[in-house]
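This briefing sets out selected features of one protein chain for structural review. Please consult the sequence and structure alongside the points below.

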Amino acid sequence: MIRVHGARVNNLRDVSIEIPKRRLTVFTGVSGSGKTSLVFNTIAAESQRLINETYSAFVQGFMPTLARPEVDVLEGLTTAIIVDQQRMGADPRSTVGTATDANAMLRILFSRVGQPHIGSPGAFAFNVPSVRASGAITVERGAKKAVKATYSRTGGMCPRCEGRGAVSDIDLTQLYDDSKSLSEGAFTIPGWKSDSWWTVRVYAESGFLDPDKPIREFTKREMEDFLHREPTKVKVEGVNLTYEGLIPKIQKSFLSKDKEALQPHIRAFVDRAVTFTTCPDCDGTRLSEAARSSKIEGTNIADACAMQITDLAEWVRGLRDGSAGGRKGTKDGNGANGTGGKGSSAGTAGTSGASAASGTAYASVAPLLTSLLGTLESFVEIGLGYLSLDRPSGTLSGGEAQRVKMIRHLGSSLTDTTYVFDEPTAGLHPHDIRRMNDLLLRLRGKGNTVLVVEHKPETIAIADHVVDLGPGAGTAGGTVCFEGTVEGLRTSGTRTGRHLDDRAALKESVREPDGALKVRGADAHNLRNVDVDVPLGVLCVITGVAGSGKSSLVHGSLCRQREAADAGVVAIDQSPIRGSRRSNPATYSGVLDPIRKAFAKANGVKPGLFSANSEGACPNCNGAGVVYTDLAMMAGVATTCEECDGKRFQSSVLEYRLGGRDISEVLAMSVAQAEEFFGSGEARTPAAHRVLNRLADVGLGYLRLGQPLTTLSGGERQRLKLAAQMAEKGGVYILDEPTTGLHLADVEQLLGLLDRLVDAGKSVVVIEHHQAVMAHADWIIDLGPGAGHDGGRIVFEGTPADLVADRSTLTGEHLAEYVGA
């Protein structure tokens, strides 16, 4: 048993529990009930902390520091391997291949047997630039001696796009108004205010430019300095700063970051100001000409990375079989390379056109080929065979990212390990969920303990042991409502038990569309010249197996059409909310702005006083509410600020009241309490009430307004994002798997919200796998029939009832089974 006694992390209320080892235990409960706090923040976190402590202090200094969870006793822990839903790094140079080490193995393969030979594995890496240097170095050993040295390194990076595969062209008219001077506020770049000395005043007071002359009247020399000057040290009001031309500065500030990771208003600016085109030098492969010139069997490394992984696995299998043939040729033939009758025939048996000599060359890398093939077969086995190794990792969905992380554990020989999964079925079609269940059972069958946080009944059904947390979310949760078997859960009367066998029925009548968005000739990614009409004025669900082309159709084609812009499309995708411990639902949703203004108006002071990140912040903790003490390789200690008692504001600010409450008391309210507070009476604030209504609509009534975003679960963040973007004036809402992280009971509430949006005259398009949403739709567009190059076609358009009656697709079969047809 893994024994937990007195766990109090986040909203857990002195939870004591015993979890059986070498079993598959599923943790259920509504979103926000404490599942992540118990499994990830208590059990897995303590296991990782204890492992880290076995290393020397020197090594610990390079590792993440973990505090001991708030728990009285934790016994029986084993090594925890965490496979969570954290999106993979959105760095523009991170790809599926670099994230899984498949690229590293391919680079070694090409550096050993690629023809012509161009260098070490680094010569095939698009993250490694070529370097040449010469000069004198002084070696301080015994008598000092200056030695002349030359140094060179061959890298695979394309010098023009620097390994990004795309080059950017900047529209200068979006950066500044050339009819104005710098002192008149010519810059139109977000965040570049006319008095910001670290940007604007560096240009105005650098001495290179005339700040009072309109930009269009700059001399050729001034224009060159303004746009392209290399970084130069300048003094502005006695402060040493670096002056740099506007174009390189914009490239470093905005373009070196992944566009999807930028804030919405910055992303909108980048979309306006910058056009990204495929790099003409490397044709988008990111690699130098030399790296592309070296080939194996007529295929270079760029071609290999661009292949669908199922095809790449076949190619590598051919090389491996060729290496076996080469070894046989060497053994059986007369010559060293397997020359001679018998040797030659055996050598050619491996790959088409491969000679015994090349077979022998592959024989030298046989262990590498076997390892690479194992990795690629793991991709196929886990349902990701439709990806390619050059796919940017930032474009993977949460479910895809989680399965990519699983790959390195599938062939592991470790036993008696604890595997911890966070909704491994997220983003999976019902057809793929069975395959995932088999993988979980296989890990358990090796003698491992498997802990899974999950909402899908198909995965709950295979559990050996179930732990149900609740009964509600936030402060209403944090207790164990049930422990036992799946059958016991069904009869337990808990919220999960009651809803476990819920099945949404097909609608008796569906709404009629009042128009359509026409998509013609869509060919993004794996789409095959798709023509489809997406109906407006109804709830339309786009479905299909993972990798069939749903996101390519919606985000790659539909959202980019002019008609979509005219219709006011609001796309709510799966990109994560980025927020520090200073961010909270009040700041993210925008409700804090009207609240601060209401406080300021009621008390006759500035709104800035009511922000813990601005003038009103407690000076001792800078508005954090806690004081952090860094203890190097030991976990840092956070203590409640003695000055403000954790309220984050100066004591003078807390004297100002609205409706009898100070600002810290308002931030401590739940959304539901605040909705009532700002809905009537002295504190009535319609602008705040509207935002709070939307938060309650998406099922977040229990969240505290001032709760740090870092404490929110994945499902809560998704719904917070949905509530924030529902404010945008749009006629068409596009949602990407809104049921991710939602409990069975909450799906019903989500369906009600989608109905209200459609009834209010909006059009709703949902990319979704959940059968309850499919059954509730007015119109279904099904893509397939398979994934990758086996998909990309429309296999069904019509009502859910027609899809069930037709049963011609995988989706139709599973939906019919779900509704009991």
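The model is predicted. A total of 34 salt bridges is counted in it, and several of these are described individually below. Side chains of opposite charge can pair when their charged atoms come close.

**Salt bridges between helices**

- R495 and D746 are joined through their side chains in a salt bridge, with an N to O distance of 3.8 Å.
- Because R495 belongs to helix 19 (residues 495-499) and D746 to helix 28 (residues 744-759), this pair ties together parts that are 251 residues apart in sequence.

- A salt-bridge network links K507, R511, D755, D759 and D778.
- E53 and R49 form a salt bridge through their side chains, at 2.8 Å from N to O.
- Within this pair, E53 is partly exposed, with 47% relative accessible area; R49 has 14% and counts as buried, because the class requires a value under 20%.

**Helix 16 and helix 31**

- The axes of helix 16 (residues 430-445) and helix 31 (residues 810-819) come within 9 Å and cross at roughly 80°.
- Helix 16 is therefore roughly perpendicular to helix 31.
- At the contact, P430, H431 and R434 of helix 16 meet L810, H814 and E817 of helix 31.

**Nonpolar surface patch**

- Y55, F58, V59 and F62 make up a nonpolar patch on the surface, and their accessible area together is about 470 Å².
- V59, one of the patch residues, is located in helix 2 (residues 57-60).
- The relative accessible area of V59 is 32%, so this residue is classed as partly exposed.

**Position of D806**

- D806 lies in helix 30 (residues 800-806) and is partly exposed, with a relative accessible area of 41%.
- Between the C-alpha atoms of D806 and H465 the separation is 38 Å, and the two residues are 341 residues apart along the chain.

Technical notes
Residues numbered from 1 in each chain as written. Predicted model: local features only at pLDDT ≥ 70, side-chain atom pairs only at ≥ 80, totals over all residues. Heavy atoms only, no water. Patch = residues over 30% accessible without salt bridge, like charges linked within 9 Å, V, L, I, M, F, W, Y side chains within 5 Å. Areas by Shrake-Rupley, 256 points an atom, 1.4 Å probe, with all protein chains shown as cover. Salt bridge = Lys/Arg side-chain N within 4 Å of Asp/Glu carboxyl O. Helix = DSSP H or I, 4+ residues; strand = E, 2+ residues; numbered from the N terminus. Buried < 20%, exposed > 50% of the residue type's maximum accessible area, 1.4 Å probe, protein only. Axes fitted to C-alpha atoms, helices over the stretch in contact; angles between N-to-C directions. Parallel < 35°, antiparallel > 145°, perpendicular 65-115°, else oblique. Contact = heavy atoms within 4.5 Å.
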